[in-house]
Amino acid sequence: MAIGYSKSPLKLLNSSHQSKVLKAAIFSRFILLILSILWRTLLAPYDTSAPLNPTCLRNPSPPLPSPLLPSLGSAIENGVVWDSVYFVRIAQCGYEYEQFYAFLPLLPACIFVFSQTVFAPLVTIIGYRAVLALSGYVVCNVAFIFTAIYFYRLSVIILKDPNAALQASVLFCFNPASIFYSSIYSESLYALFSVGGCYYLVSRANNIAVLWLALSGFARSNGVLNAGYFGFQAMHQAYDAFYLKKRAFLALWILISGALRCICIFVPFITFQAYGYYNMCLGRSSDEMRPWCKARIPLLYNYIQSHYWGVGFLRYFKFKQLPNFLLASPILSLAVCSIIYYVKSRPEIVRSLGFQASVEEKKNLNLKSRKKISQGEDLAEGRTVHGSLEKLGYTSAFVLPFILQVGFMAATAFFVMHVQVATRFLSASPSLYWFASLIMTSHKKCGYMIWVYCFAYILLGSLLFSNFYPFT
């Protein structure tokens with residue numbers, strides 16, 4: 001996957017485009033903030049239990065004096081809805097109950113650190129729980145802004161077209177799951193380390209990429225799927241080493257290195273499962289143990305998803321869930337169309353899992369092309385490096401691993417998960433925005449429909465989610 005990319009990818013970037021992406025990211029967060037405050041002001045929340053905060057079960061802290069601005073603290077706390085309640089509670093009290101282990105620790109850890117350092121002086125002014133919530137908002141919104149920058153950088157390298165990269169990045173800033181990137185949810189941190197990790201991977205900074213992709217697995221469970229990028233890279237580099245360079249030992253070393261990097265990406269998630277087993281299973285009699293503790297592979301996360309949320313293969317296929325399938329249909333349709341378009345455009349690449357491109361496209365990025373890249377020619381002006389790559393863009397062989405990942409995630413969302421979650425589950429998939437950018441350029445009416453869809457879900461999401469109504 002990383003073969004053929006420049007060792008100086010920053011020189012490919014258009015600084016004015018990066019500035020536009022940064023402005024779009026900040027502006028979109030500002031719009032979401034205004035909409036959330038507006039809807040909370042105009043409408044009464046469906047569930048008024050958000051401000052409730054029982055004493056921690058473990059090591060309860062002594063009662064704090066009343067804050068100086070309790071109304072401001074209450075206003076901040078009222079935005080703690082849905083899964084935000086879990087993240088804030090974990091940051092405050094740790095993993096008190098079994099179902100809390102469905103929420104991975106990166107976001108709660110960040111909230112805790114910021115509440116104890118940067119925002120600690122505000123505890124006496126707005127209260128400790130409000131400080132926790134404020135820390136969560138800042139972490140998630142700042143993470144999103146950095147994600148948008150990395151998204152643009154990754155898109156330029158993959159698409160070889162700064163204009164298409166700009167359009168895709170701006171669309172990401174206004175994606176249909178935007179409300180979750182502005183709320184205390186793990187989407188922002190996952191997207192930052194997932195997209196950022198892919199950027200470092202294609203920039204040949206493999207060690208940094210391993211760290212970032214591993215951290216994505218500390219933010220959301222689907223972060224483990226990012227190991228597939230290193231698997232894809234290792235297979236192709238080993239293929240080139242063995243068949244093209246005739247160096248068998250080099251190919252073996254590449255495969256071993258790739259396997260170790262994949263394992264590193266799995267380590268955070270596995271470590272967290274071990275932590276759950278240690279807390280919930282060890283030191284208890286057989287009668288006290290939960291059923292999952294006795295399983296051959298005691299995987300806490302799967303048990304929680306199945307037992308508490310009813311997640312499982314075809315378990316959501318009920319007539320009463322039809323509205324949720326309709327709610328998820330736009331993002332799933334976009335995912336399916338992006339896959340079909342790619343398969344029809346490059347059937348030989350898909351059939352060979354990209355190996356057929358090893359000789360063709362990878363050789364096009366030869367030393368002369370790299371010299372042009374290092375000098376900042378062509379791409380800085382929106383042109384491509386090599387004539388044969390001129391019109392590839394979204395259909396480049398280097399998009400294939402992103403297509404494979406979004407295909408697996410879309411199938412999982414449709415057949416296994418609560419299907420309405422697909423909107424935010426797939427929202428950090430770069431290939432969706434690359435395809436949407438292509439559609440916007442070639443079919444203006446379809447592009448208009450995509451923008452209408454995004455803004456409609458931003459309005460609907462900020463209205464429903466902010467007032468504790470179900471959205472996705």
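The side chains of Arg-346 and Glu-348 meet in a salt bridge, with N and O 3.0 Å apart. A salt bridge here is a side-chain nitrogen of Lys or Arg within 4 Å of a carboxyl oxygen of Asp or Glu. Arg-346 counts as buried because its relative accessibility is 8%. Buried means under 20% relative accessible area, exposed means over 50%, and partly exposed lies in between (1.4 Å probe, protein chains only).

The model is predicted: local features need pLDDT of at least 70, side-chain atom pairs count only at pLDDT 80 or more, and totals for chains, interfaces and linings use all residues. Residues are numbered from 1 along each chain as its sequence is written, and side-chain values use heavy atoms, with hydrogens and water left out.

The structure holds 7 salt bridges. Side chains of opposite charge can pair when their charged atoms come close. Glu-96 pairs with Arg-89 at 2.7 Å, N to O. Glu-96 has 8% relative accessibility, so Glu-96 counts as buried. Arg-89, at 11%, also counts as buried. Another salt bridge joins Glu-187 and Arg-424, whose closest N and O atoms are 2.9 Å apart. Glu-187 lies in helix H9 (residues 187–202) and Arg-424 in helix H19 (residues 422–425), so this pair ties together parts that are 237 residues apart in sequence. Helices are DSSP runs (H or I, at least four residues), as are strands (E, at least two), numbered from the N terminus. Both Glu-187 and Arg-424 are buried. Through shared partners, salt bridges join Asp-83, Glu-187, Arg-220 and Arg-424 into one network.

Nonpolar packing comes next. In soluble globular proteins, nonpolar side chains tend to be buried together. A nonpolar core is a set of buried Ala, Val, Leu, Ile, Met, Phe, Trp, Tyr and Cys residues joined through side-chain atoms within 4.5 Å. The largest core has 137 residues. Leu-154, Ile-158, Ile-184, Leu-426 and Trp-434 have the most contacts inside it. Helix H6 gives the most to this core, with 21 residues. Leu-154 touches Val-195, Cys-198, Tyr-199, Val-202, Phe-402, Pro-430 and Trp-434, not counting residues up to four places away in sequence. Contact means heavy atoms within 4.5 Å. Another core, of 5 residues, lies apart from the largest one. Among its residues are Ala-234, Ala-238, Ala-241 and Ala-251.

On a 1 Å grid over the protein atoms alone, a cavity is a set of points where a 1.4 Å probe fits but cannot get out, and a pocket is an open set with protein on both sides within 12 Å along at least five of seven lines; lining residues have an atom within 4 Å of a point. Grid points are joined across faces, edges and corners, and a volume is the space filled by probe spheres set on the points.

The second largest pocket holds about 660 Å³ of space. Its lining has 31 residues, and the closest to its centre are Ile-37, Arg-40, Ala-75, Gly-79 and Tyr-137. H1 gives the most to this lining, with 8 residues.

The whole structure has 5 cavities of 30 Å³ or more. The largest cavity has a volume of about 80 Å³. Residues including Leu-171, Asn-175, Ser-427 and Tyr-453 line the largest cavity. Helix H14 (322–345), helix H20 (430–442) and H21 each supply at least two residues of this lining.
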